[in-house]
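This briefing goes through one protein model, topic by topic. Please keep the sequence and the structure open while reading.

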Amino acid sequence: MTAHERSGADVGVEPELAAEFVGLVEGTNVPTLRTNVTRFWRGHHDHPDAVGAVLMDLWSRCPGTSGTTVRMGVAITLGPVAVTRPEAMSFLLGVVPGDADWRVQEALAKGFDWYCAESGWATAVPMIEAWITHNHVNVRRAASEGPRVWTKRPHFDKHPELAIELLGRLRADREPYVRKSVANALSDVSKTHPDLTLPALSEWSREPNAAWVVRNACRHLVKTHPVATEPILAATKG
């Protein structure tokens, strides 16, 4: 959306929004950054067009290491903006995943988590499915990592089987970076829902491409349910 397509009021506040946002996030540590971007969004959520335009512009003006915390803040805050502004979602999917800084990719996961919370977790399921099947590794990883702990999120706390099923779609992902996140997320779920996690891991244990995820998802279960876990681990070894 161009400046001419936005309201004059929104365009008029953009320089002030940009200065405020940079002042809140530049050079901050991660906990402070998250607190500050939450405060920023709460104060300006009634101007999503202006906020989205400012954030996307700041991204391009804050390259390199010196701009890392600004880009992190942008990646997180575009999450709630994307609920009503498709161009923000397009930016999250098309621009942010290409950033080489791993901290920005962590921020992408947090931004996706915020998007889901703002949308409502049940409503967000189709978008989670879309991110899980995206062709970019960083998007798929954000889809797995952002909602952790999955079964502590609304909707998934009532439907843990859906969380396991969605995570399972990434069990044979070609990228170790994604598989590590999936294994960690499944291990999280297994702590409160071993009755659901064990059958799923057993079913997947004979799939060669899923073996790594299954073994690492059993980290907690091997201590709490050793008898049930033993044949699953054995199966992953062929």
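Helices here are DSSP runs of H or I with at least four residues, numbered from the N terminus. By that count Asn36 lies in helix α2, which covers residues 30–44. The model is a predicted one. The protein chain has an average pLDDT of 94, and 95% of the residues score at least 70. Residues 1–12 have a pLDDT below 50.

**Confidence**

- The pLDDT, the predictor's confidence in each residue on a scale from 0 to 100, averages 94 over the protein chain.
- The stretch of residues 1–12, where the pLDDT is below 50, has 12 contacts in the model beyond near neighbours in sequence.

- Asn36 is buried because its relative accessibility is 11%, against a cut-off of under 20%.
- The side chain of Asn36 reaches the backbone oxygen of Leu24 at a distance of 2.7 Å.
- Apart from residues up to four places away in sequence, Asn36 touches Leu24 and Thr28.

**Helix α3**

- Helix α3 runs over residues 48–61, 14 residues in total.
- Of the 14 residues in α3, 11 are buried, so the helix is mostly covered.
- The buried residues of α3 are Pro48, Asp49, Ala50, Val51, Gly52, Ala53, Val54, Leu55, Met56, Leu58 and Trp59.

**Thr68 in helix α4**

- Thr68 is in helix α4, which covers residues 68–81.
- With a relative accessibility of 2%, Thr68 is buried, because the value falls under 20%.
- A polar atom of the Thr68 side chain lies 3.0 Å from the backbone oxygen of Thr65.
- The side chains of Thr68 and Asp101 are joined by a polar contact of 3.3 Å.
- Leaving aside neighbours within four places in sequence, Thr68 is in contact with Asp101, Arg103 and Val104.

**Nonpolar core**

- The largest nonpolar core has 72 residues.
- Leu78, Ile128, Trp131, Trp150, Leu186 and Leu201 are the residues with the most contacts inside this core.
- Helix α6, residues 102–119, gives the core its largest share, eight residues.
- Ile128 is in contact with Phe112, Cys116, Trp121, Ala143, Trp150, Phe156 and Leu166, leaving aside its neighbours within four places in sequence.

**Cysteines**

- How many disulfides does a search of the whole structure find? The search finds zero.
- Cys62 is buried, because its relative accessible area of 13% is under 20%.
- Cys116 has a relative accessibility of 0% and therefore counts as buried.

- Most residues other than glycine have a negative phi, and most peptide bonds are trans.
- The peptide bond that joins Arg148 and Val149 is cis, with omega at about -5°.
- Val149 is in the loop between α8 (137–145) and α9 (160–168).
- His155 is found in the loop between α8 and α9, and its phi is near 80°, a positive value in a residue other than glycine.

**Glu165 in helix α9**

- Glu165 is in helix α9.
- Its relative accessibility is 35%, so Glu165 counts as partly exposed.
- Glu165 and Ser66 are 99 residues apart in sequence, and their C-alpha atoms are 40 Å apart in space.

**Ala183 in helix α10**

- Ala183 is found in helix α10, which covers residues 176–192.
- At a relative accessibility of 1%, Ala183 is buried, because the value is under 20%.
- Which residues does Ala183 touch, not counting those up to four places away in sequence? Ala183 touches Trp212, Val213, Asn216 and Ala217.
- Between Ala183 and Asp173 there are 11 Å in space, C-alpha to C-alpha, and the two are 10 residues apart in sequence.

Notes. Residues are numbered from 1 along each chain as its sequence is written. Side-chain values use heavy atoms; hydrogens and water are left out. A disulfide is a pair of cysteine sulfur atoms within 2.5 Å. Buried means under 20% relative accessible area, exposed over 50%, partly exposed in between (1.4 Å probe, protein chains only). A nonpolar core is a set of buried Ala, Val, Leu, Ile, Met, Phe, Trp, Tyr and Cys residues joined through side-chain atoms within 4.5 Å. Helices (H or I, at least four residues) and strands (E, at least two) are DSSP runs, numbered from the N terminus. Contact means heavy atoms within 4.5 Å. A polar contact is a pair of N or O atoms within 3.5 Å; within protein, one must be able to donate a hydrogen and the other to accept it, and residues adjacent in sequence count only if both atoms are side-chain atoms. The expected span of a helix is 1.5 Å times one less than its number of residues.
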